[in-house]
Amino acid sequence: MKHAELLRIKCLSRWPLRRGRRRFARLLNVTCNDIPDGELVSSQPLGLCFRTHPDDVYFDLSYFKEYERFETELMLKLLRPGDSVFDVGANFGWFSLHALKSDPQRHVWAFEPQTELCEEIRSNTALNDLELLLDQKLHIINLAVGSSRGKLTLNKLKSASHALTTSFAKAEQIESTFTVPIRPLDEILMEVPENLWPAFVKCDVEGAEMEVLRGSHKLCSSPSKPVWLLEINLETSGCAGWVPADMIAFLEEHGYTDFFFLSHAHRPRLVRSRKRPVDIRLQRNGNIVALDGDAHSWQMQAMIGRRPEQGRISPKFIVDRTSR
């Protein structure tokens, strides 16, 4: 690599703010193609190791040693010892491995439709000396999650061979298509002991989040319903025919009362609650955290800043209770 390229990358890695990273990278002419293929990176917050690839999904991991930092910290904050996790759209295993590393006794289900990414999760599991937990605590499921059982045809993109696939890509971006089995979460739950049902579900499936919810009526209505972390991508959700308000309405019908908005550059802020019905104005990409104020009283206290229990991995969170 030339000295000028090394200098540009070094300048980018020293950018002090979360906001403006991509804009600063464009000014420096640093792209995902500059990411070394197969480079081993030790990441924050738990020091897990991952191999990077020249792909946009590894941008923050390669240059800043982190990936969706606020979302990761929030998941670790809201999990109690022994809580199970469903990682829907697991990609290269970031959330699954952090959930497992923070408590090797918990069960984690990683749902990923791409076979290559399932192998990537297995490889990253071995990198972090967690391979003994494969198939015992970490269950890697090579299928898509939706509203019904069947087959689903997905697109693999030319510009992002390691990124999540989407059914809404433009024709010129599509490298190939592949077919995978698709099952609803409620059906999958029939094969999971009830005491291992998830306490936390992270769902990032490129616009198909509503389909995942529609296949989880039983899970959302159960007394032990999980906390949901759901991605909002206005472009892909618009192509799929739904808006963030539809997601809120579905969850409210199933007893969820409190909703926080979490962007990649801001900590959570309350956007709707039973006691304070704030207008929903979600016009940016980010994530929704959904809780039931009665079933998730402990998690609600954690969200609004209760002092964590001694010895728990639980970063401080400041919640902005005003809507923007």
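The side chains of D103 and R106 come together in a salt bridge, with 4.0 Å from N to O; the term stands for a side-chain nitrogen of Lys or Arg within 4 Å of a carboxyl oxygen of Asp or Glu. Both partners are hidden from solvent: D103 is buried at a relative accessible area of 11%, and R106 is buried at 2%. Here buried means under 20% relative accessible area, exposed means over 50%, and partly exposed is in between, using a 1.4 Å probe and protein chains only. As background, side chains of opposite charge can pair when their charged atoms come close.

A word on what you are looking at: this is a predicted model, in which local features need pLDDT of at least 70 and side-chain atom pairs count only at pLDDT 80 or more, while totals for chains, interfaces and linings use all residues. Residues are numbered from 1 along each chain as its sequence is written, and side-chain values use heavy atoms, with hydrogens and water left out.

The structure holds 12 salt bridges in total, so let us visit two others, beginning with the definition already given. D135 pairs with R122, the closest N and O atoms being 3.8 Å apart. D135 lies in the loop between α6 (115–127) and β5 (138–141) and R122 in helix α6, so this pair ties together parts that are 13 residues apart in sequence. D135 counts as exposed at 52% relative accessibility, whereas R122 counts as partly exposed at 29%. D135 has another feature for you to look at: its phi is near 70°, a positive value in a residue other than glycine.

The next pair is R183 and E191, whose side chains meet in a salt bridge at 2.6 Å, N to O. R183 counts as buried at 14% relative accessibility, while E191 counts as exposed at 57%. Through salt bridges that share partners, R149, R183, E187 and E191 are joined into one network.

Now step back to the whole chain. The protein has 12 helices and 13 strands; these are DSSP runs numbered from the N terminus, with helices (H or I) of at least four residues and strands (E) of at least two. Of its 324 residues, 55% count as buried. Among contacts between residues at least 6 apart in sequence, 68% join residues at least 24 apart, where a contact means heavy atoms within 4.5 Å.

Helix α4 (residues 69–78) and helix α5 (residues 94–102) pack at an angle of about 35°, with their axes 10 Å apart. The axes are lines fitted to C-alpha atoms, for helices over the stretch in contact, and angles run from 0 to 180 degrees between N-to-C directions. Where do the two helices touch? On the α4 side, E71, T72, M75 and L76 meet W94, F95, H98, A99 and S102 of α5. Also in helix α5 is S96, which counts as buried at 0% relative accessibility. Leaving aside residues up to four places away in sequence, S96 touches D87, A90, V108, A110 and L138.

Q44 sits in the loop between β1 (40–42) and β2 (49–51) and is partly exposed, with a relative accessible area of 35%. Q44 and F64 are 20 residues apart in sequence, yet 8.9 Å apart in space, C-alpha to C-alpha.

The backbone at Q44 deserves a look too. A cis peptide bond joins Q44 and P45, with omega about 10°. K65 is in the loop between α3 (59–64) and α4 and is partly exposed at 33%. For comparison, most residues other than glycine have a negative phi, and most peptide bonds are trans.

Our last stop is helix α11 (residues 244–253), where the buried residues are P244, M247, I248, F250 and L251. Seen down the axis of α11, they fall within an arc of 160°, so they line one face of the helix; the arc is that of the directions from the helix axis to the C-beta atoms. Just after α11, G255 takes a positive phi of about 95°.
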